Amino acid sequence: MIELDVNGRRHRVEAPGDTPLLYVLRNDLQLNGAKFGCGLGQCGACTVMVDGQAIFSCITPIGAIEGRRVRTVEGLGTVEKPGPMQRAFIEEQAAQCGYCIPGMMMRAQALLEAKPGAGDADVRKALAPHLCRCGTHMRILKAVGRAAKMMGGGK
Amino acid sequence: MSVAFSRRRFLAGGGAIVLGFSLNPRVSAQGARLPGSLERNPMLDSWIGVGGDGTITIFTGKAELGQGIRTALMQVAADQLAVPFERIALVTADTARTPDEGYTAGSNSMKDSGTAILNAAAQARELLVAEAAKRWNVAATSLTARDGAVVAPDGRRLEFREIAPSVPLRSRASAESKRATARNVVGKSIPRVDIPAKVTGGAAYVHDLRLPGMVHARVVRPPQHGAKLTAIDTSAGERMPGVLRVVRDGSYVAVIATQEFQAVRAARAISDTAKWEGRLPPVDVYPHLLGLASQDTVIHDRDGANLGAAAIDAVYRRPYQMHGSIGPSCAVGLLEGGKLTVWSHTQGVYPLRGAIAEMLGMEKESVRVIHMEGAGCYGHNGADDAGADAGLLARAMPGRPVRVQWMREEEHSWEPYGPAMVTRARAALDNGRIAGWEFDVWSNTHSTRPGKAGELGPASLLAKPFPPSAPRPLPQPEGGGDRNAIPLYSIPRAKVTHRFIPEMPLRVSALRALGAYMNVFSIESFMDELAAAARADPVEFRLRHLEDARGTEVIRAAARRFGWSEYARTPGKGRGFAFARYKNLAAYCAIAMEVEVMRESGEIRVGRVAAAVDSGEAVNPDGIRNQIEGGVVQSLSWTMLEEVTWDARRITSRDWGRYPILRFAHVPASIDVDVIDRPGQPFLGTGEAAQGPAAAAFANAVADATGKRIRQIPFDPPRVRAALLENR
């Protein structure tokens, strides 16, 4: 039994400590945001925040997460009340298939919380671990720039 | 989600007054051809239902693939029906509920389904108006449809839902429609209806489907297509925690477990014991490919090629490339009471249903395939194979929903790739004009899509395997390997030959744009080579050879947006231009871009990109822009980096480390898209318009920056460095 803090709620999970966090988020907690992309930490689709840092949940065992605060895209807002990062992505229409987007948003959220004035070059650098196959990159960059402004930083 | 969720029940549950599904639409009679997919599904109520609450439900056989088709189809329906956009509900590809529109492919969704819905909606509106006219005993011409109601000049008003029960929507569409010309939402960049769920963690994909009692499966996949299992020990896997069953049928092996990660672990353990036997082609694939027998067809012959001794001659090569979906293929299957339901991100629910039914020896009517979105597919990837997995594994666990998802290595090594291709272009110039042209394209087929069980990867592994159908070329005018092989330019004498190679060294199928990517890359690279020989500006040289007015306008628009005529040259940088009309009958697209080539590293950086596109009537301009931006970036990734690799034993490009695609560091500085709207003109589709022109504009920019012409994809740093060292 492992206790996890996800989006401010505590959950008790019956799974071996070496189970990757991603499987627990998706199946035990039924959260859709983090996606399985490669299971190898190469694409970023599974990215969530742990204690403010962006991490690959597909290669992070839950045993390493106990007692730390996990945040997923569900923790940024809802369809009815989207958070600034989500509003920015909707306003920029920054998705095609959208599968990679929640991971990108979590990476960007971590960046902007750590560095509110992050500019385009910072965003490009921060998003380096993330793949998008539809080629939505230009809009993703604009959306993160917009989110930076909404969150009070940016230029 | 209810499994026996039939269309009839859906409508009844929604308080619908009318309409069941027209199960047997007759093929159109001798009369005029019906517009778009109405030809195949002519009953109006196959497309439109009016609910008791005033909701209009539109049914499409096309699937949302991330291209935004859902929103665009709703826009078309809203305007033709004169109903607010918000009141339109859309049901997409489902064999129990929607018309059969084949595949969602070839940039045909707006042409097929958009056109059908436009006409069906216009005709439904006229029927509603006629019914109101009858009730009020006035002339229909005096009435207008507005906001989901019929309105009389004196202010009387009948809501569609009040009239609908008496309106015979179960009637055949006619060839002619009285089309509404007012555009309330068409032509506007209405925000996509699917994006909010996708950015907030809503259930948006088949990957997110969780059914009660659902179990998880993983397949022990061979290292590449065609390999046979020679030895395996499943016993250790069978004893692992949570494992419910190990399924084995010939070379097909899979594990079903209670928890997903239990299935992953057990499949891995079993996979470690498996021995496979299979063949792979020589690593230097181009000579091998050209050594295979080809079936040659002259697809264009205008007085022969007329090449003199001074002909300019160039050979271009493109390797095997993958779809590389970010989300590995996934499907859920449930066999219950002799009926199988498969939830899949397939591009063709009806063809997949037929293939699965054949594989399992079931009646088609006992199988239902429901589309749910996956990650973008970009053609025939692992989706259908995963659907077949779900069918096979659901059969092994009757009564339990079985979810199967591929691992990254499976997707990379098992999906059908885009075929390797070779082209040869030759031309003769006379006084600054192309006098003669010859073009040859060598290619495998560009579609091994299902319809038959033999096209399902898993079916080839069974103890009683289903052999694949004989590969066939796709016919002109759309073509497959020869798509866009015929130049759109006016050339007095020209000959184009499609050298179709039936034997497939690697399993291949449709990858976005099919042969058009390579043929446009070749032709438009070659046009620049000819322009250089003629000492002409590349844009002016193209215009010199083009009679098509819309093509000319698109070229001028892209050049203007880029600032082609004011371009100031700087060292290390170059500009490139390219143009094509997709399939020579769909959207027009022209692209200009600037690149910078790092001489030491061979690395290329893309600067500004400017594009212009004419897709006919632009239903959702921002959706079109999004598709063009994406097409440019995806094509740059293919062209700069991508190549499937293998050794004697296996596919070696098995993950993103060994099959790199474009990352943020190398995406363009900006992409600026000019959408030319043509109100009232036919929809031409957009999804595959940019890939060919983007590749050629890039190649031309590299040549402009370096003075060296690279004719083999990918333009990765080693190849660029080697090209720069030539003749130095």
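**Exercise 1. The contact between chains**

How many residues does the contact take from chain A and from chain B? Work out the classes on the chain A side as well.

*Solution.* This is a predicted model, in which local features need pLDDT of at least 70, side-chain atom pairs count only at pLDDT 80 or more, and totals for chains, interfaces and linings use all residues. Residues are numbered from 1 along each chain as its sequence is written, and chains are lettered from A and ligands numbered from 1 in the order in which they are written.

Step 1. Two residues are in contact if their C-beta atoms, placed from the backbone, lie within 7 Å. On that criterion chain A contributes 47 residues and chain B contributes 50 residues.

Step 2. At least two residues of the chain A side come from each of α1 (21–28), α2 (84–91), α3 and α5 (137–150). Helices (H or I, at least four residues) and strands (E, at least two) are DSSP runs, numbered from the N terminus.

Step 3. The chain A side has 25 nonpolar, 18 polar and four charged residues. Here Ala, Val, Leu, Ile, Met, Phe, Trp, Tyr, Cys and Pro count as nonpolar, Asp, Glu, Lys and Arg as charged, and the others, Gly among them, as polar.

Step 4. For the complex, the predictor gives an ipTM of 0.98 and a pTM of 0.95.

**Exercise 2. The domains of chain A**

Which element gives the most to the side of domain 1 of chain A that touches domain 2 of chain A?

*Solution.* Step 1. Chain A divides into domain 1 (2–75) and domain 2 (84–150), with bounds from an automatic or database domain assignment. Their C-alpha centres lie 20 Å apart.

Step 1. Domain 1 of chain A and domain 2 of chain A each put 14 residues into the contact.

Step 2. On the domain 1 side, β3 (47–50) and β4 (53–56) of chain A each supply at least two residues. The most comes from β3(A), with three residues.

Step 3. By class, this side of domain 1 has eight nonpolar, five polar and one charged residues.

**Exercise 3. Gly117(A)**

Is Gly117(A) buried or exposed?

Step 1. A residue is buried if 20 or more other C-beta atoms (placed from the backbone) lie within 10 Å of its own, exposed if 12 or fewer, and partly exposed in between. Gly117(A) counts as exposed because it has 11 C-beta neighbours inside 10 Å.

Step 2. Met151(A) is 34 residues away along the chain, and its C-alpha atom is 9.6 Å from that of Gly117(A).

**Exercise 4. Chain B overall**

*Solution.* Step 1. The radius of gyration is taken over C-alpha atoms, and the globule rule is 2.2 Å times the number of residues to the power 0.38. The rule gives a value near 27 Å, and chain B has 27 Å, so the two agree.

Step 1. The C-alpha trace of chain B spans about 80 × 75 × 45 Å along its principal axes, and 57% of the 728 residues are buried.

Step 2. Chain B holds 17 helices and 24 strands.

Step 3. The average pLDDT (the predictor's confidence in each residue, from 0 to 100) of chain B is 94, and 95% of the residues score at least 70. Residues 1–29 of chain B, however, have pLDDT below 50, and this stretch has 50 contacts in the model beyond near neighbours in sequence. Where pLDDT is low, the predicted coordinates should not be read in detail.
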